[in-house]
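Subject: A structure for you to explore

Hi,

Here is the structure I promised to pass on to you. Please open it and have a look around, and then read my notes below.

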Amino acid sequence: MPTTASPVRERILDAATRRYYADGIRAVSADRLIAEAGVSKVTFYRHFPTKDDLITAYLTQQVAAVEDALTAKRAELTDDPAGVLEWYAESVGSVMCTPGFRGCAFINAAAELPRDHPASRVVRDHRTWLIGQFRELLTELGVADVDGKAEQLMMLRDGAMVAGYVGDSAQAVSATLVTAGRAVIGR
């Protein structure tokens, strides 16, 4: 698989990102992505030898966007861990307000892929990273039971993503997530 991002590779990945999120990973065939990206089969498979490679690249790209944003916010608010957590909760809520919101890409992928799929590892590693970020922020806040509370924040985040998809009001879900997060950390 090429290590540098070519425009053609990015076009294929963009098509996969749109289709996997909108329709589900299993529902989207390589032929559909080839047509949407406007590439030949040879070109498609040169960049992504297997569908598993493409799924893994898709989820890796989604992880990078989330992790880069949280890392940047932590750098911006170095002395305000509560502000970082609130920003994260509000960001989760704002995602739910976007047109075409269909739940969390990571939860959706975890529901579709077997646990031993290479992309499932990407999802698990991201969850571990995110919980670790919560632990660090909670430690900075001096919160007791950092491990338990970090897991609770993750569960709230997951629940908010599902509620934002199946519920009536994403804005209400966002406000509830912020309120519940504050209750967990005692603020």
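Let's begin with the open spaces. The largest pocket has a volume of about 460 Å³. A pocket here is an open set of points on a 1 Å grid over the protein atoms alone, with protein on both sides within 12 Å along at least five of seven lines, and lining residues have an atom within 4 Å of a point. Grid points are joined across faces, edges and corners, and a volume is the space filled by probe spheres set on the points. Of the 23 residues lining the largest pocket, Gln-62, Val-66, Val-95, Phe-106 and Met-161 are the closest to its centre. Helix α4 (51–76) gives the most to this lining, with six residues. By class, the lining of the largest pocket has 16 nonpolar residues, six polar and one charged. (Ala, Val, Leu, Ile, Met, Phe, Trp, Tyr, Cys and Pro count as nonpolar, Asp, Glu, Lys and Arg as charged, and the others, Gly among them, as polar.)

Before you go further, please note that this is a predicted model: local features need pLDDT of at least 70, side-chain atom pairs count only at pLDDT 80 or more, and totals for chains, interfaces and linings use all residues. Residues are numbered from 1 along each chain as its sequence is written, and side-chain values use heavy atoms, with hydrogens and water left out.

The second largest pocket holds about 240 Å³ of space. It is lined by 15 residues, and Leu-85, Glu-86, Ala-89, Gly-181 and Arg-182 lie nearest its centre. Helices α5, α8 and α9 (170–185) each supply at least two residues of that lining.

There is also one cavity of 30 Å³ or more, a cavity being a set of points where a 1.4 Å probe fits but cannot get out. About 50 Å³ of space lies in the largest cavity. Among the residues lining it are Tyr-20, Tyr-21 and Asn-108, and α6 gives the most, with four residues.

As for the overall fold, the protein has nine helices and zero strands (DSSP runs, H or I of at least four residues for helices and E of at least two for strands, numbered from the N terminus). Its C-alpha atoms fill a box of roughly 55 × 35 × 30 Å, taken along the principal axes.

Enjoy exploring!
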